[in-house]
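Subject: Structure handover

Hello,

Here is the structure I promised to pass on. Please open it first, then read my notes below.

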Amino acid sequence: MAVVSSSPILLPLRMNLGSSSPNIPLFSISSRPSNRPRPIIVFSYTEAGDGLASEEKKLLLERYGLDPDEFLSEPPPPKTRRRKELQKRGRGKSVQPPEEPKPPRATHKLLQVLGGKARRKKLLSPKGMDVRPMMEVVKGAAFDILQAASGCPAALRPGRWLDLYSGTGSVGIEAISRGCSQVHFVEMDPWVVSDVLRPNLEWTGFLDVSIIHTVRVENFLERAEQFVGKDGSFDYISITPPYTEVDYGVLMGQISKSPLIGDDTFIVVEYPSRTDMLDACGCLVKKRR
């Protein structure tokens, strides 16, 4: 995790994808040079199964009110009976099983709001999706850092939040619960929007202070001026993309030149732990990792 400030240093971002473990960098951003000193915050995270002992995982989950038994149990082994039967019918030869229709998409409740007025409310997420329950612990730590960095340890200072690659809406909902006045959610999957994100907002009572954009993040950034409108830049931006489908150098370059950011914008970025995120990109300056 890293927090970034606003001294404009033009350095590229490099990427070395060698791990799936996420770090969440926090960025404080400005679109023009500033001589004001800004706080330095540093935090790192290793995903479950990639360094944390089982007792440590259990303690972290319990700290944020999560049930370790629910998240740390081993998944059942894959079923292979049908494939063996098909091979037997083919007299020992490998037989390609017929392609079966995809089952209808479904949801379950593994996530929850960790703090604020909607605390402990369960949230929907797609079944089969890599939810990474330990990420819930990191989310709680990230908001603790943001609250302290913005000078209000008990809650977030009021402001507007932009949740890119929002998915379930877990991050943006956490932001509203902890004090944000409005959140824009950007999610390209219509099914996720209609069957996961919108029901989560209705269940938590935050639909009235939420705006959903069913569009690709790349298209949203290209049309940023249209989306910003008269309200101006955002106070907070969270970026939690699928690791293998984005170029972090290009993405952060787009963000750094975007009207979405202002003098005191905080940006939280999740990325694989072995990705080399440099200390600056344009007007973005890392504050904490």
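Asp144 and Arg178 join their side chains in a salt bridge, at 3.6 Å from N to O. The two sit 34 residues apart, with Asp144 in helix H4 (residues 134-149) and Arg178 in the loop between H5 and E6. A salt bridge here is a side-chain nitrogen of Lys or Arg within 4 Å of a carboxyl oxygen of Asp or Glu. Helices (H or I, at least four residues) and strands (E, at least two) are DSSP runs, numbered from the N terminus.

A word on the source: this is a predicted model, where local features need pLDDT of at least 70 and side-chain atom pairs count only at pLDDT 80 or more, while totals for chains, interfaces and linings use all residues. Residues are numbered from 1 along each chain as its sequence is written, and side-chain values use heavy atoms, leaving out hydrogens and water.

Back to that pair. Arg178 is buried at 9% relative accessibility, while Asp144 is partly exposed at 33%. Buried means under 20% relative accessible area, exposed over 50%, and partly exposed in between (1.4 Å probe, protein chains only).

The whole structure has 7 salt bridges. One of them joins Asp189 and Arg105 at 3.0 Å, N to O. Asp189 is in the loop between strand E6 (182-186) and helix H6 (190-204), and Arg105 in the loop between helix H3 (81-89) and E3, so this pair ties together parts 84 residues apart in sequence. Arg157 also bridges to Asp235, with the closest N and O atoms 3.7 Å apart. That pair ties together parts that are 78 residues apart in sequence.

Next, the strands. E9 (residues 265-269) is mostly covered, with 5 of its 5 residues buried. Thr265, Ile267 and Val269 point one way, Phe266 and Val268 the other. In a regular strand, side chains alternate between the two faces of the sheet. E9 pairs in the parallel sense with E8 (residues 236-239) over 4 bridges; pairing requires at least two DSSP bridges between two strands. Tyr236 stands opposite Phe266.

Two backbone angles deserve a look. Most residues other than glycine have a negative phi. Arg120 has a positive phi near 75°, in the loop between strands E3 (107-112) and E4 (122-126). Tyr165 has a positive phi of about 55°. Tyr165 is buried, at 16% relative accessible area.

Best wishes
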